[in-house]
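Please consult the sequence and the structure shown below.

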Amino acid sequence: MSSPVRPVAEVIPMLDLRAQYETIALEIRAAVDEVITAQQFVLGPRCEAFEQEIAHTCGVRCGIGVASGTEALELALHASGVGAGDEVIVPAFTFIATGSAITALGARPVFADIEPATFNLDPAQIEMRITPRTRAIVAVHLFGLAADMSPILALAEKHGIPVIEDNAQSIGASYHGRKTGSMGRLGCLSFYPSKNLGAYGDAGMIVTDDDKLATRLRALRNHGQTARYLSTERGWNSRLDELQAAVLQVKLRHLADWTAARQVHARRYDSLLRDLPGLTLPHVPGGQEHVYYLYTIRVAGRVAGNDPGVATRSDLVQKRLAERGIASMVYYPVPLHLQPLYASLGGKPGDLRASERASREVLSIPLYPELTPSQIEHVAEALRGALRD
Ligand SMILES: Cc1ncc(COP(=O)(O)O)c(C=O)c1O
């Protein structure tokens with residue numbers, strides 16, 4: 001007698017780039033083919049056109065294509081005068097690249113805490129950290145939502161310090177009618193493959209309305225050359241190549257639709273998860289548009305038990321979701337002030353409580369444009385079960 005066949009539970013990943021590719025394969029292949037036929041691979045017409053398109057998307061005049069989001073930050077900080085011994089104020093709850101772009105220049109990141117509701121830099125935490133060595137403030141727009149820029153910009157102006165926006169995660173988001181990336185002196189984007197607008201490799205861009213800075217950055221990304229084989233200052237080799245620009249140009253044509261799909265999915269999650277006890281859903285302050293790079297919930301509480309991988313209730317929910325075939329991720333489990341890399345800066349537990357608490361409680365669940373309504377319901381149902389069991 002054959003044993004009864006158990007239905008295979010549907011596996012839902014964090015992201016499904018293959019599903020996205022299937023919808024644009026012909027366009028991508030044609031664009032890549034054109035580059036290969038043209039045989040111009042670095043700093044060509046596609047990069048230039050794409051720079052204009054991204055500048056337009058962000059609502060500014062200039063775009064400077066570079067090799068990654070990390071180097072966009074490094075170059076933006078350098079062009080803003082940050083160097084050895086300087087201080088840069090930055091939120092502790094972010095991806096490590098925001099900090100490492102600062103330390104790569106020999107400068108010191110000064111970590112500030114976040115607003116618990118938005119996970120973004122708390123404007124009230126900035127002024128007390130300003131010293132005569134402060135050269136910049138980096139405002140990160142985390143998970144697809146803008147930081148509270150009005151008070152940040154007001155403080156920066158009061159002290160004559162530039163604001164650089166780390167807009168790696170929030171292309172297209174807006175804050176009281178202004179696009180992320182357009183509010184500070186310079187905005188930095190990442191086109192890492194998993195981003196809302198992702199390349200087929202590494203790529204990044206700096207956007208600005210400051211023509212002089214843009215001209216300097218164009219030289220800085222290319223060995224400091226202001227004319228062919230004439231370098232006026234030390235620069236980088238950090239250029240956006242034509243293949244990536246071609247892929248990104250195709251994808252940019254779909255970005256508005258993909259973002260709208262993310263927003264519809266997020267609203268569906270909001271309504272399906274609204275009543276679950278012990279869960280905090282993403283908060284969108286009035287006047288803001290969230291682009292949901294991630295849909296990040298909070299699960300409060302610790303767990304007493306012997307499982308070494310399960311210290312918090314969020315770990316436990318993640319484990320239970322995995323047992324049900326649902327991927328989830330913790331972005332980010334260790335805030336920057338507690339990273340071993342920055343031990344020499346003297347950060348210790350208890351210094352930045354909102355960042356530390358976020359690290360213990362956050363859990364991002366699958367959210368990407370190609371998700372179907374039934375997959376969203378499946379995730380929500382699994383989460384309901386994971387919280388109950
Ligand atoms: C907040 C943040 N800053 C900076 C970066 C660095 O971008 P990249 O990976 O393109 O160097 C990323 C993404 O990876 C990021 O999420």
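Q: In which sense do β1 and strand β9 pair, and over how many bridges?
A: The model is a predicted one. Strand β9 covers residues 204–208, and within it T208 stands opposite C62. The pairing of β1 with β9 is antiparallel, and the number of bridges is five.

Q: Why is one side of β1 and of β3 left without a neighbour in the sheet?
A: The open sheet has seven strands with mixed pairing, in the order β1-β9-β8-β5-β4-β2-β3. β1 (62–66) and β3 stand at its edges, so one side of each has no neighbour, because each has a single partner strand.

Q: Which strands does helix α2 touch, and what angle does its direction make with that of β1?
A: Helix α2 (residues 45–58) packs on the sheet. The strands in contact with α2 are β1, β8 (186–190) and β9. Its direction and that of β1 make an angle of about 125 degrees.

Q: What angle does the direction of helix α5 make with that of β4?
A: Helix α5 spans residues 149–159 and packs on the sheet, where it touches β4 (134–140) and β5 (163–166). The angle between the directions of α5 and β4 is about 175 degrees.

Q: Which strands are at the edges of the three-stranded open sheet?
A: The order in this sheet is β12-β14-β15, with antiparallel pairing. Strand β14 (residues 295–299) pairs with β15 over four bridges, and Y295 stands opposite I365 in β15. The strands that pair on one side only are β12 (279–280) and β15 (362–365).

Q: How many residues of domain 1 are in contact with domain 2, and how do they divide by class?
A: The domain assignment gives domain 1 as 19–249 and domain 2 as 254–388, and their C-alpha centres lie 25 Å apart. On the side of domain 1, 33 residues are in contact with 31 residues of domain 2. Elements giving two or more residues to that side are α1 (17–38), α4, β3 (108–112) and β6 (174–175). By class, the side of domain 1 has 19 nonpolar, eleven polar and three charged residues.

Q: Which elements give two or more residues to the shell around the ligand?
A: The ligand is surrounded by 15 residues, the closest being S68, G69, T70, A168 and S190. The shell divides into five nonpolar, eight polar and two charged residues. The elements that give two or more residues to the shell are α3 (69–79) and α4 (96–103).

Technical notes. Residues numbered from 1 in each chain as written. Predicted model: local features only at pLDDT ≥ 70, side-chain atom pairs only at ≥ 80, totals over all residues. Near = placed C-beta within 6 Å. Nonpolar A, V, L, I, M, F, W, Y, C, P; charged D, E, K, R; others polar. Pairing = 2+ DSSP bridges. Domains from an automatic or database assignment. Contact = placed C-beta atoms within 7 Å. Axes fitted to C-alpha atoms, helices over the stretch in contact; angles between N-to-C directions.
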